[in-house]
Amino acid sequence: MHLLRVDASIQGDRSASGALADLVLTEFTAARPEVPVVRRHLGQNPLPADAWVGAISGTFTPAESRTLAQLEALAIASQVATELQQASSAVLALPLYNFGVSQHVKTWIDLAIAGAPQGTRLLEGTPTVLVVTRGGAYGPGTPREGWDHNIEYLRQILVQSWGADLTVVEREFTLVGVNPALDQFTELAQTMRTAAEAAAVEAGAQLAGRRAA
């Protein structure tokens, strides 16, 4: 059993989602230092984009007839699924990119599904913190209300399909201070950041006290 941390940012040390996930993990490990942490960074080390095709085709190919590419893809899919299934807790830092999940996250999800028997709920009862960050604002009344196709999709996968016991930590306006067009929102963005950081600390503390069902 382990805590699984998955990151998907392409921003390196400037990652807003990574910074929030760090806060969650710091609180968790302070209380549960005995729990090993398995890390997968989809932004820094993307899964092969063609592995899903190989895993799917390999599934429907007799074992003795599978190609080397199919065998490698099936091994990757199995590893991804096993990491999820064996996790006692999870911290997933999956930012919004171009109004949805990144290609790295979609590949990870597809491979996880391919790597487990059909219908397997990979995070059944597993306490999971989902960290979501957005460069702009997508709430009610904003010009891009309804453009966030990330978080509800992730809820569908993590909760409805995989059975996670989910807590969400969100932060918007992460591009304030980066994009001059958003300078007018500096004060609001700082308020949102402070609230998100407090929520991340609280989520980490609560995660440490929870156990997989």
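This is a predicted model: local features need pLDDT of at least 70, side-chain atom pairs count only at pLDDT 80 or more; totals for chains, interfaces and linings use all residues.
Biologist: How many residues lie between Thr194 and Ser78 along the chain, and what separates their C-alpha atoms?

Modeller: Thr194 and Ser78 are 116 residues apart along the chain, and their C-alpha atoms are separated by 39 Å.

Biologist: What makes strand E4 an enclosed element?

Modeller: Seven of the seven residues of E4 are buried, so the strand is largely enclosed by the rest of the structure. Each of these residues therefore falls under the 20% cut-off.

Biologist: Which residues of E4 belong to each of its faces?

Modeller: Pro127, Val129, Val131 and Thr133 are on one side, and Thr128, Leu130 and Val132 are on the other. In a regular strand, side chains alternate between the two faces of the sheet. Both faces of E4 are covered.

Biologist: What is the order of the strands in the sheet, and how are they paired?

Modeller: Five strands form an open sheet in the order E2-E1-E3-E4-E5, with parallel pairing. Strand E2 (37–41) and strand E5 (165–171) each have a single partner strand, so they stand at the edges, and one side of each is left without a neighbour in the sheet. Neighbouring strands are turned against each other by 15° on average, direction ignored.

Biologist: How do you know that E3 pairs with E1 and with E4?

Modeller: Pairing requires at least two bridges between two strands. Six bridges join E1 (residues 2–7) to E3 (residues 87–93), and four bridges join E3 to E4.

Biologist: Why are H3 and H4 called roughly perpendicular?

Modeller: Two packed helices are described by the angle between their axes and the distance between the axes. H3 (residues 68–85) and H4 (residues 103–114) pack at about 90°, with their axes 7 Å apart. Angles of 65 to 115 degrees count as roughly perpendicular, and H3 and H4 therefore receive that term. The contact is made by Ile76, Ala77, Val80, Ala81 and Leu84 of H3 and by Trp108, Leu111, Ala112 and Ala114 of H4. These residues divide into nine nonpolar, no polar and no charged.

Biologist: What makes H2 and H3 roughly perpendicular?

Modeller: The axes of H2 (residues 51–59) and H3 come within 7 Å and cross at roughly 105°. This angle falls in the range of 65 to 115 degrees, so the term roughly perpendicular applies. Residues of H2 including Ala51, Gly54 and Thr59 meet residues of H3 including Gln70, Leu74 and Ala77. The contact divides into six nonpolar, five polar and no charged residues.

Methods:
Residues are numbered from 1 along each chain as its sequence is written. Side-chain values use heavy atoms; hydrogens and water are left out. Axes are lines fitted to C-alpha atoms, for helices over the stretch in contact, and angles run from 0 to 180 degrees between N-to-C directions. Helices (H or I, at least four residues) and strands (E, at least two) are DSSP runs, numbered from the N terminus. Angles under 35 degrees count as roughly parallel, over 145 as roughly antiparallel, 65 to 115 as roughly perpendicular and the rest as oblique. Contact means heavy atoms within 4.5 Å. Ala, Val, Leu, Ile, Met, Phe, Trp, Tyr, Cys and Pro count as nonpolar, Asp, Glu, Lys and Arg as charged, and the others, Gly among them, as polar. Buried means under 20% relative accessible area, exposed over 50%, partly exposed in between (1.4 Å probe, protein chains only).
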